[in-house]
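Here's a quick briefing to read with the structure open. It starts with a helix pair, then moves on to the chain as a whole and the interface.

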Amino acid sequence: MFDHIRAFYQPRAVNEAIRLLHQPGVQACPVVGGSDLVLRAGRSVTDLVDITRLGLDYIRRSGQSVRIGTTTPLAELEHSPHVQHLAGGILAKAAACCGTIQRRNVATIGGDLVHASPAADTNTPLLGLDAKVVLQGLRSRRQVPLAEFFRGLHETLANGSLLTEIVIPPCKPHTAWSFQRFGRTEMDIAVVNVAAGLQLDRRGRCTWIRIALGALAPRPMRALKAEAVLADCILNQTRLERAADTAAQEIHSITDMRASGEYRTELSRVLLRRALEECTQHLECAL
Amino acid sequence: MKQAKLAMHTSRMELSLRVNGEMCEWTIAPGDLLLDILRREGYYGVKRGCETGDCGACTVLLDGRPVNSCMMFAAQANRRELVTIEGVAHGAGLAPVQQSLVERGAIQCGFCTPGVVLNAQALLATHPSATEEQVRNALSGNLCRCTGYRKPVEAILAVAQQHERRQAGSLQNGFAVVGHNVSKLDAAKLVTGRSAFTDDIHVPGLLYAKILESPHAHARIQRIDASKAKMVPGVHAVLTYKDVPRVPHTTAGQAWPEPSPYDTYLLDSKVRFVGDRVAAVAAESREIAEEALRRIVVEYEVLPAVLDMEHARDQAVTVIHDEPDSTGIHDACHNVAATIHKQLGNVEDGFRESDLVLEREYRTQRVQHCSLEPHVTITWLDPDDRLVIRSSTQIPFHVRRQVAMILQIPLQRVHVIKPRLGGGFGGKQEMLLEDICAALTLATRRPVKIEYTRREEFFMARSRHPQVLRMKMGFRKDGTLLASQMAVLASTGAYGSHSMTVQGNTGSKVLPLYRAPHMKFDCDVVYTNTPVAGAFRGYGCPQGFFAQESLMDEAAERLGMDPIELRRKNLIRLGDTDELSAQLGEGRKGLPRLIRSCGIEQCLERGAVAIGWEQKREVRPDPARHLRRGVGVSCSMQGSGIAGIDWASALIKLNEDGSYQVLVGAADVGGGADTVLSQIAAETLGVTLDKINICSGDTDLTPFDVGAYASSTTIISGGAVKKAADKVRSSLLEVASRILKVPAEKLDCCDNHIVAADGAAWPLAEIARQVTYKEKVQIMESASHSTNDSPPPFCATFAEVEVDTETGKVRVLHLVTAVDAGVAIHPWLAEGQVEGAVAQGLGYALVEEMQLDDKGRMINPRFLDYKIFCAKDMPDITTILVETEEPLGPYGAKSIGEVAINGPAPAIANAIFQAIGIRFRRLPIRSEDVWRALREKEAGEPAGLYSAVASD
């Protein structure tokens, strides 16, 4: 299947990896775990650069931020205390949904970001968490907010540079989070996934809100209008439902073999409402 | 540059890693996948099941963690530690997980077993006292199509919770071997991943074959030029229709003369579905074969395609089989492969006398068998130039006949070998790859292997016939059924394999479940330019029972009766004769079915208790505002072999040490036929099971058997074994009588001894030695067996469901299957058959569907997109074996392989009705359909044709 591959590199340093990815006259592709690449590598790819031995497999707290190395397997996220304690554990919960155990042991957080599948379960909470990605090029290193990173179906800003790290900024205090997903079966990729987080003040007024939706459109997206419905409002059931309705109106869901766009939209409404309910329940806010 | 050690700018590189504790240095290509390299190096326990990281058959432990070796480049494993299934057991001792899987009857075909073992090992290493949820979670990446997961999960849990070793054979049934849960004979081999399957051999000089598939649903090949493909270095043969004999045949593995039309050709100038064969290549490697395919130039005249079976018979529509040399097609001009019209009594009279007449339309979908081992065949010429076919098949003897005919070589020049099978389910009751593989071997004189990828398996192998069923039933007020009528339209796809017989079963095995003085069955089976349908567990019955059992439930509601009560009132019973079967033979006059054993009443009774029917039919408070629960029931039956057609034989010979060779043509497809047949032999011969050596499914070594299908093996092949064993026993006692000077009628065989009426006993080993060297006699007998009846096993299925009314998601909470299969020769294997069928039936009910686009291309040919149930999807399942004694079966046995697949779909549909008041008449009942129907109901919109309550 891959008889056209002429070299496989296992560099030990990031710079070396980047150089190998930019050799003139070759079409090099990073191996960030494997699973998606094996399925998608085109016949034009000539060189493979395994970046899993660059020491980019880590989950660290730095100050109030959490920094995750790009080649951290999803299974590590699932079990890491740092990630489990972050934002109600939604990222850990989402990581646990990313396919089979065999896949989660190999597939990495960076691989799923670069692959930019709209249904990738970790991408949606990362968007909700205002995560940034570190992109390293031959001569540059920059941080890009995830919202800008995703350009379309399997398209990202990474083009040419190596995604080395994911930075999750400090969570606001007194926030509650929820991750919801729907698949046809337990091992299905998501038909819809939802990540939501909110902060309430003592009076039950929403002082901060994030809603991210995945698997609906070519890229995961924030539901900004729905967020606006809740921002600065005292939350009650009606308001939560109105936010969910608004989200359903602001998205244009895709139709594929798993579900029609119409059904996806309805699922996103139901899942978002459930997510918001879970958040408010967590905050012991009697509505 | 440290990294440069690995990177060589050539196409080869060195890989060094530790496998099962041993350092390995292998030369690989940079793009090689780990799975391919492991199998190349002889680690055959690492299985190729999907190559897309979805099934888990290729699981290995990388630094202690389970990973899919098909989704990794071999080079990624450089300097790492790998454990394959071969490294789990130490010496002859099995690891506790392996031991438990063997002891608890958790192994069927064994193809997914290595992955299951490794995942369980990894789980128990970190969670020694794992819970059921953790076990199910750990196994959720290991698809299994045989077991329904219950027994594997229990076996692993037993290790985690340190249960006592389960004592096999605790049954007190008067038998020494039959009815006892002995370890499956091949279990130790399978659980350790030893070479057992078709592809688990190294064949020097092997070539790899690939088929060029049609991109069009219907087209004529105007021009085909293989010259560029032949020039690719490493290509040894390219075959097109111009290069092979044109012999009309059917691929259906049925007894000669087959009741399926001869409408198929090895290669043809016309293609009739997306995926049809255009050409075939044999080359030094799979990559070279694929490259050659890309270089075959084909010009097509694209023809209009018939995708919708409901328009297939229209006048203006294109004719799919316009070739003059096909035979046995009912009406080729109208694309009708087969038609059936039968009536008992006069249904119109029955409907006139009825107080309630209901007529409804039901639709069922196209689904695939998804055996974890795809179709695979290896062929070669032996030193005598005979053609050897090593193949994953349910029908070795039919394959021998078919290949000889298609390639026009004498049958005696063909030798078919069936190794272990990684699941069949009817998909391998088909001569599918053997002909093309053999043609390539004849063309190249080299060994050739052809193996479907999972993608190819989905649409280039076989599937279940989709049907539109119109079911009409008439009842008296008191519930007495007066008339039942079924009209079926079915699509056989591009070729008519099993077209008439599958649909015949839809009538003959379904309608007679309820006594009715008037019955009518009409059916048209049409060709369409879609993937080919064929035999699939249930063989037409799942479709029919979905319609009939749904309508029975609706009738009960309308009559104000309990659904169980209405069924009870009308069910076929002991002593009844089913006359419809006599009308619906397989392409010839059939035989009436006399019911000599019938446990359906007990099935209903015990199943109802297990599900909690009485309490749960009452209106109950819902657990949450958006969740609704309901319970439903269905009944079904099947057959045990094809009456008057199926037959089998067995040959048994005594060895000089008192053990026996049992040679049977029967094909164990993973369900444990070898074990069951050995149990029958051991019981009859008065020896322990370890004295039986069984050899099966080899056309050179074993006597004839039609093969493993139609739920025939236990009753037909088992009948042959029983007869042969009886004869051997008589012969042995006669010779022993001469040796011992005791009258033969005073001797018996018992517990590996010859025993006399006065209690004297001689070890059989002693006697056998004397028989061999003093008497100079080979004790050896053969027997053939067939029956003119097909005793039906019966089944009652109960489902409890929970419907999320906001999302439409249907969760099955509990599924109970109570089966009357006569005497179970091996109760755990029997349960395994039921549970595997239930898992397939659940998928059929809720999620499985081959989806085609408007060009006839399958859009979901992958386990990521075509969902089958995994360990986490399974509800709580309960299996009840209701024992009856069938006079026609060996030791009272009937069949068990198919019947349980019929029940889940209608039972679930009926349970959904109780939960939300909507009847679903189309399969699968997807969440989206449920959501849509709920929304329509809420809006008071007229009910959708197939989803909600239709008008009378």
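**A helix pair in chain B**

In this predicted model, helix α14 (residues 541-559) of chain B packs against helix α15 (residues 563-570) of chain B at an angle of about 110°, and their axes sit 8 Å apart. Angles of 65 to 115 degrees count as roughly perpendicular, so that's the label for α14(B) and α15(B).

- On the α14(B) side, the residues that meet α15(B) are Met552(B), Asp553(B), Ala555(B), Ala556(B) and Leu559(B).
- Their partners in α15(B) are Pro563(B), Leu566(B) and Arg567(B).
- Sorted by class, this α14(B)–α15(B) contact has six nonpolar residues, two charged ones and no polar ones.

**Chain B overall**

- There are 24 helices and 33 strands in chain B.
- A compact globule of 952 residues would have a radius of gyration near 30 Å, and chain B, with 28 Å, agrees with that.
- Along the principal axes, the C-alpha atoms of chain B fill a box of roughly 85 × 75 × 60 Å.
- Of the 952 residues in chain B, 63% are buried.
- Take the contacts in chain B with a separation of 6 or more: 78% of them link residues 24 or more positions apart.

**Where chain B touches chain A**

- Here 46 residues of chain B are in contact with 40 residues of chain A.
- On the chain B side, the elements giving two or more residues are β4 (65-68) and α24 (927-939).
- The largest share of that side, four residues, comes from β4(B).
- By class, the side of chain B that touches chain A splits into 19 nonpolar, 18 polar and nine charged residues.

Note on methods: Residues are numbered from 1 along each chain as its sequence is written. Chains are lettered from A and ligands numbered from 1 in the order in which they are written. This is a predicted model: local features need pLDDT of at least 70, side-chain atom pairs count only at pLDDT 80 or more; totals for chains, interfaces and linings use all residues. Two residues are in contact if their C-beta atoms, placed from the backbone, lie within 7 Å. Ala, Val, Leu, Ile, Met, Phe, Trp, Tyr, Cys and Pro count as nonpolar, Asp, Glu, Lys and Arg as charged, and the others, Gly among them, as polar. Axes are lines fitted to C-alpha atoms, for helices over the stretch in contact, and angles run from 0 to 180 degrees between N-to-C directions. Angles under 35 degrees count as roughly parallel, over 145 as roughly antiparallel, 65 to 115 as roughly perpendicular and the rest as oblique. The radius of gyration is taken over C-alpha atoms; the globule rule is 2.2 Å times the number of residues to the power 0.38. A residue is buried if 20 or more other C-beta atoms lie within 10 Å of its own, exposed if 12 or fewer, and partly exposed in between; C-beta atoms are placed from the backbone.
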